[in-house]
Structures are given as structure tokens and as C-alpha cells.
Amino acid sequence: MPARKEERKTNVLELERDVILRARTGDRAAFGEIVYFYQKRIFSIGYGYFMNREDAMEIVQETFLKAYQGIKHLRDADKLSSWLYTIANNLCRDHYSKKKRRDWKEVEMNESHAEFIGKESIIKNDLVSNETADYLKRSIMKLPHKQKVIVIMRHFQELKYKEIAEILGRTVGTIKRLHFEAIKKLRKNLEENSE
Amino acid sequence: MRKKRSKLILQNLFRSRFGDPSDKEKTGNFLNGIEDKKVNNLDASLQKLEDGLSSIKREIDSEVEKTDWNTVSENVTGYIADSEKRREGKPLSKRVNLKPVLTAAAVVTAVASIFLVYSPWDGERTARYSVPAESVEKIERNLGRHETLDYLRRSKIFLANISDYEAGQLTPSMLKSDKELARHLLNKKRYLNHHFNNIELSKAKNICDQIEFMFYEIVMLEEERDPAHLQNIKDFIRDNRLMLKINLLEKELTDREV
């Protein structure tokens with residue numbers, strides 16, 4: 001955890017404001033630096049959302065394409081990271097509904113989308129049973145968009161409530177409440193599964 | 001009552017397990033006073049959940065680690081370049097979503113029609129619709145700022161092009177179109193002059209005057225002596241750091257516009 005924080009801090013320092021300013025003028029090399037620094041974070045959002053590598057990579061590509069097309073409108077260079085998160089979150093939501101519509105045509109009507117997607121991923125962990133982790137993944141995917149994003153940021157990216165609140169433009173109180181709601185649902189689902 | 005208490009226990013366990021460090025401190029005392037079995041059962045289920053979440057996190061981290069990020073960033077920038085090329089190749093109607101533009105145009109037309117129908121054309125009606133002087137000033141100020149910004153943006157592009165010309169590169173047809181553009185911008189500047197009385201734009205006057213001087217010089221460019229003359233113009237732009245001044249002024253006015 002400290003190493004990750006240190007990495008984040010270094011990233012911010014290294015990605016100086018002039019890189020962002022250069023990227024705003026259409027400088028592709030400068031934009032390439034932005035891609036390099038933020039791609040892992042965007043990937044983990046995509047992975048947490050879809051629980052598979054292909055969709056996560058698609059989110060990475062589309063996020064940076066949108067960012068490239070819109071960076072000239074980004075007035076505050078300090079807001080780059082939360083702006084990228086917002087693009088990625090919105091893309092995840094849109095991609096998820098498209099995928100859901102597409103998959104419904106392919107999957108039998110009595111099988112939920114989350115169950116279908118859950119089959120794509122394999123858990124490689126000996127401490128937690130495959131079944132539990134797999135079930136948890138499907139439960140996360142069934143959460144409403146905002147709660148899902150909060151779970152991803154809090155548990156998979158280890159962000160503080162304050163950081164999540166800044167990115168999502170909500171108060172810390174709201175984030176805590178939504179996080180609690182999400183955890184309550186996940187716990188309940190796990191309990192029901194184990195009964 | 002029991003349900004409420006269960007929720008309270010769960011909330012405190014949640015804080016102690018998933019909260020920020022400051023949240024964890026607050027929960028200690030509360031949980032100590034609760035009967036063990038209840039807390040233990042709930043805590044065990046949260047422990048299971050936490051283990052599951054950690055397991056997924058480990059999976060994500062391992063996916064991140066096994067990825068060659070240099071290749072990914074190259075692929076992403078390549079994908080952006082391809083998409084941009086495809087986008088540029090498309091006709092304007094395909095690149096721009098015309099639906100909102102047409103909707104906006106329809107709304108503007110409707111508002112304009114209503115205004116024309118109900119507008120106070122005769123003197124008697126005009127008197128009933130007096131606009132406060134403050135608002136007029138504000139509109140005038142905003143218009144001045146907007147026009148100045150537009151002038152600066154056009155001038156910047158034009159002067160940047162002029163600065164890029166190499167000796168002998170300026171053909172008669174290029175010179176002709178440049179002179180026309182310079183004349184157009186000189187006319188625009190004449191219209192702008194009265195806005196510079198406004199204190200907010202007084203700073204812009206000096207820079208706009210320097211730009212105007214450049215445009216006069218461009219209008220006077222003649223083919224037979226253009227290399228030296230053109231060089232003088234380029235030197236003036238460079239020595240006076242005209243582009244930098246324009247950029248700074250542009251930024252200042254844009255910030256105020258927001």
C-alpha cells in the first residue's frame with residue numbers, strides 16, 4: 001500500500017502540468033505520456049467493472065480516445081485524473097448496457113447477464129474458494145453503477161473516501177453511505193449463497 | 001428495535017473493517033459493549049466478504065503486472081491516430097452530429113420569431129420596455145471582450161503563419177490573400193477601438209495596437225522587396241514577443257469570460 005501511494009505521488013509529480021498543456025494543443029507525444037501514466041488505473045477500473053481483460057482493454061482505448069478528443073476543453077490541468085476517471089466510468093456504464101443488450105440476445109432469458117459474464121473470469125486464489133470469489137464477482141456486477149464504481153475505487157484501487165468524493169463530485173458522507181449500501185448487499189448475497 | 005440494533009452493529013463493523021483509519025478508531029468502544037455472538041457472526045460474514053474482495057484485487061493486480069504497458073500505450077496512441085485519420089476522412093455531416101445543431105437553430109428561430117412578433121417597434125411600447133443601464137453596460141462589456149478574443153485568435157493564427165514563411169516562399173497569390181486578410185483584420189480592429197475605453201479592456205489596447213501595426217506592414221508588402229520587409233515583420237513579432245503577449249491576454253480574457 002505505501003509503495004502504491006508513493007507511485008501515485010511520483011506519477012503526479014512527473015506528469016508535470018506542461019505535459020498536459022502540450023497535450024491540449026494536440027501534441028500526440030505529450031498525450032502519449034498521459035496514456036502511459038494513467039493506463040493501469042483505467043485498466044483496473046475496467047477490469048473491476050467487467051471482470052475480464054478484453055473489456056478492460058477496450059475501456060482503456062476508448063477512454064484515451066475520448067480524452068484526446070476532449071482535452072482541449074479541459075480548463076483545469078489539476079483535474080486531469082478525475083476527468084479521466086469520469087470518462088472511464090461513463091464508458092463502463094454505456095459499454096455495460098450495450099453488452100447487456102447484446103448478450104441478452106445470445107443468452108437464455110432465464111440466465112442473468114451477470115451470471116453469464118461471471119463465467120468468463122477464473123479465480124486463481126487458494127485462500128478463498130473459487131465459488132465464493134466467483135459469486136462475489138457476479139454480485140459486484142449486479143450492483144448499481146455508482147455503488148459498483150465506489151467498490152472498485154475503494155477496494156481495488158485503495159482510494160480514500162475523500163479522493164473518491166472528489167472524483168465523483170459527491171460529498172464524503174454520500175460516498176460512505178453508498179459504500180455501506182454496497183457492502184450490505186454484497187454481504188447479504190454471500191450469506192444467501194452459503195446457506 | 002432489534003433490527004435497528006443489528007444495523008447499528010453492522011455499521012460499526014463495516015466502519016472498523018472497511019473505513020478510513022479515523023472511522024476505525026470511533027467504532028472500538030461501541031463494539032466492546034455488544035454480546036460476542038452477534039458481533040462474531042456479523043464480523044465473520046464481513047471477513048468472508050473482505051477475503052473475497054482481496055482475492056479479486058489480487059487477480060486485478062496480477063493482470064496489471066503481467067501486461068506489457070509499453071506495448072499497450074503504443075497501441076492506444078496508434079488507435080487514437082487511426083481514429084483521428086478516419087474521422088478527418090469523413091465528410092463534415094458525418095463528423096458532426098447535426099441533430100443538436102438543427103435543434104438549436106430551430107429554437108433560435110422560434111425565439112427570434114416571437115421577438116419579432118412581440119417586439120416594441122413604436123415609441124409608446126418602447127418606453128414600457130426600458131432596460132437598466134447596468135445591463136446595457138454589462139452586455140457591452142461582454143461583447144467587447146468576446147470581439148477582442150475573436151480578433152486575438154484570428155490574429156494569432158495569421159501572424160503564426162507569417163512567422164513561418166521562409167524567404168522566397170511567399171508567392172504572389174499567397175501575398176494577395178494575406179493582404180486581404182490583413183485588411184479584413186484592420187477593419188475589425190477599427191470596430192474594436194471603441195471597446196478599449198472600457199477599463200477591463202484597456203490593457204488589450206496596447207497589444208492590439210502592435211498587432212494592427214503589423215497588419216499595416218503586411219498590407220504594404222510588395223513583391224519586389226518582400227524578403228527584407230518580411231524579415232522585418234518577423235523580427236518585430238519575435239522581438240516584441242507578440243505571440244506570447246497574445247497568448248497571455250487571450251488566457252486572461254478567456255478566464256474572465258468564464
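1. **Basis.** This is a predicted model: local features need pLDDT of at least 70, side-chain atom pairs count only at pLDDT 80 or more, and totals for chains, interfaces and linings use all residues. Residues are numbered from 1 along each chain as its sequence is written, while chains are lettered from A and ligands numbered from 1 in the order in which they are written.

2. **Confidence.** The model scores ipTM 0.79 and pTM 0.55. Chain B has a mean pLDDT of 77. In chain B, 78% of residues reach 70 or more. (pLDDT is the predictor's confidence in each residue, from 0 to 100.)

3. **Chain A.** Chain A holds 10 helices and zero strands. (Helices are DSSP runs of H or I, at least four residues; strands are runs of E, at least two; both are numbered from the N terminus.) Of its 195 residues, 38% are buried. (Buried means 20 or more other C-beta atoms within 10 Å of the residue's own, with C-beta atoms placed from the backbone.) Among contacts in chain A with a separation of 6 or more, 56% join residues 24 or more positions apart. (Contact means C-beta atoms, placed from the backbone, within 7 Å.)

4. **Interface.** On chain A, 36 residues are in contact with 29 residues of chain B. The elements of chain A giving two or more residues to this side are α3 (28-50), α4 (53-70), α7 (130-142), α8 (145-156) and α10 (172-194). α3(A) gives the most, with 10 residues. The chain A side divides into 19 nonpolar, eight polar and nine charged residues. (Ala, Val, Leu, Ile, Met, Phe, Trp, Tyr, Cys and Pro count as nonpolar; Asp, Glu, Lys and Arg as charged; the others, Gly among them, as polar.)

5. **α2(A) against α3(A).** Helix α2 (residues 17-24) of chain A packs on α3(A) at about 125 degrees, with the axes 7 Å apart. (Axes are lines fitted to C-alpha atoms, for helices over the stretch in contact; angles run from 0 to 180 degrees between N-to-C directions.) The contact is made by A:Val19, A:Arg22 and A:Ala23 of α2(A) and A:Ala30, A:Phe31, A:Glu33 and A:Ile34 of α3(A). These divide into five nonpolar, no polar and two charged.

6. **α8(B) against α9(B).** Helix α8 (residues 133-164) and helix α9 (residues 172-192) of chain B pack at about 155 degrees, with their axes 11 Å apart. α8(B) and α9(B) are therefore roughly antiparallel (over 145 degrees). Residues in the contact include B:Tyr151 and B:Phe158 of α8(B) and B:Leu181 and B:Leu185 of α9(B). The contact divides into five nonpolar, two polar and four charged residues.

Definitions and conventions
Contact = placed C-beta atoms within 7 Å. Parallel < 35°, antiparallel > 145°, perpendicular 65-115°, else oblique. Buried ≥ 20, exposed ≤ 12 C-beta atoms within 10 Å, placed from the backbone.
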